[in-house]
Amino acid sequence: MTRPRAKRSDRYKFSNEIVHFQGSGQKIISKSCQIVIGDECDSWSAEHPQNVRDLMKRTRSYTSSMAFLCCSPSTQNAPIWENFLKGSQGYFTLRCKGCNELTMRSCDIKNLQFESDYNEALKIYIVRKGTERLYCPICGHEHKEEDKEWMIQNGDFVHLVPEMIDERPSFQVGALASQLPSLCWSEIANFALEAGKTADLEIQKQFDNSIRRTSLQTKDDKQR
Ligand SMILES: [Zn+2]
């Protein structure tokens, strides 16, 4: 993208606003911003541990502002996950075609079942393609992948703490809410199979990063 009328490479200058790019690799400067976005912010901590906190400070001079933090959680104790738990905890949930209720969280891979075959040459179990089905834990309805589009389009966020939605909304989206070919059910099933048979931390992390995703949105209306 070209940067018309921008003298510096770390910003876009539009007719009515300036967009600054900072964060992961450099210290946050003291510019006031009404909207701040932190992408993959858990990894910021390696270079500038204070950057997420500094990012939030940039909104202080506005009576109304918004901070949006987004990241794949790397561990159970990841900052983004702790932030998610402090908010309204909205889980994207797929709608069931059997009972028509929102019953399957997009991160709950345990509802995805499949057959697998042992491959002698590779010495691993491989998912038998076409056997993947997603079960509703409430009514037991069995969904095929062709139902996925309807289940996602009719899905919604279910917040565990709805009274926090206005002040501190937080959202979590998992792989079952994706329509990308790389996250089709057979890919998710193969990933689950691999992650299930090994305690290897790297594979578990990869599984979490690919299959379970978290984003957090914090609306900050200067109530503190
Ligand atoms: Zn159901």
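Ring pairs join Y12, F14 and F21 into a cluster; rings of Phe, Tyr and Trp (its six-membered ring) pair if their centres lie within 6.5 Å. The structure holds seven aromatic pairs. A charged side chain also meets a ring here: R105 lies over the face of Y91, at 3.7 Å from the ring centre. For such a placement, NZ of Lys or CZ of Arg must be within 6 Å of the ring centre and within 35 degrees of the ring normal.

The model is predicted, so local features need pLDDT of at least 70 and side-chain atom pairs count only at pLDDT 80 or more, while totals for chains, interfaces and linings use all residues. Residues are numbered from 1 along each chain as its sequence is written, and side-chain values use heavy atoms, with hydrogens and water left out.

Five helices and 14 strands are found in the chain, where helices (H or I, at least four residues) and strands (E, at least two) are DSSP runs, numbered from the N terminus. Of its 224 residues, 38% count as buried, a word that stands for under 20% relative accessible area, with exposed over 50% and partly exposed in between (1.4 Å probe, protein chains only). Among contacts (heavy atoms within 4.5 Å) between residues at least 6 apart in sequence, 65% join residues at least 24 apart.

Nonpolar side chains tend to be buried together in soluble globular proteins. A nonpolar core is a set of buried Ala, Val, Leu, Ile, Met, Phe, Trp, Tyr and Cys residues joined through side-chain atoms within 4.5 Å. The largest one has 18 residues, of which L94, M104, L112, L134, L176, W185 and I188 touch the most other members. Two or more residues come from each of β5 (90-95), α3 (148-153) and α4 (185-197), and α4 gives the most, with three. Beyond its neighbours up to four places away in sequence, L94 touches E101, L102, T103, M104, L134, M151, I152, G155, L176 and A177. Another core, of 15 residues, lies apart from this one and includes W44, A67, F84 and C107.

Q89 is buried, at a relative accessible area of 13%. Leaving aside neighbours within four places in sequence, Q89 is in contact with F84, V158, H159, L160, V161 and S170.

Side chains of opposite charge can pair when their charged atoms come close. Six salt bridges are found in the whole structure, each a side-chain nitrogen of Lys or Arg within 4 Å of a carboxyl oxygen of Asp or Glu. One of them joins K57 and D54 (3.9 Å, N to O). These two residues are three apart in helix α1 (residues 51-57), which means that about one helical turn separates them. K57 is partly exposed at 34% relative accessibility, whereas D54 is buried at 9%.

A second bridge pairs K97 with D147, with the closest N and O atoms 3.5 Å apart. This pair links distant parts of the chain, 50 residues apart: K97 is in the loop between β5 and β6 (102-105), and D147 in the loop between β11 (142-143) and α3. D147 is buried, with a relative accessible area of 15%.

Notes:
Phe/Tyr/Trp six-rings, centres within 6.5 Å; stacked < 30°, edge-to-face > 60°.
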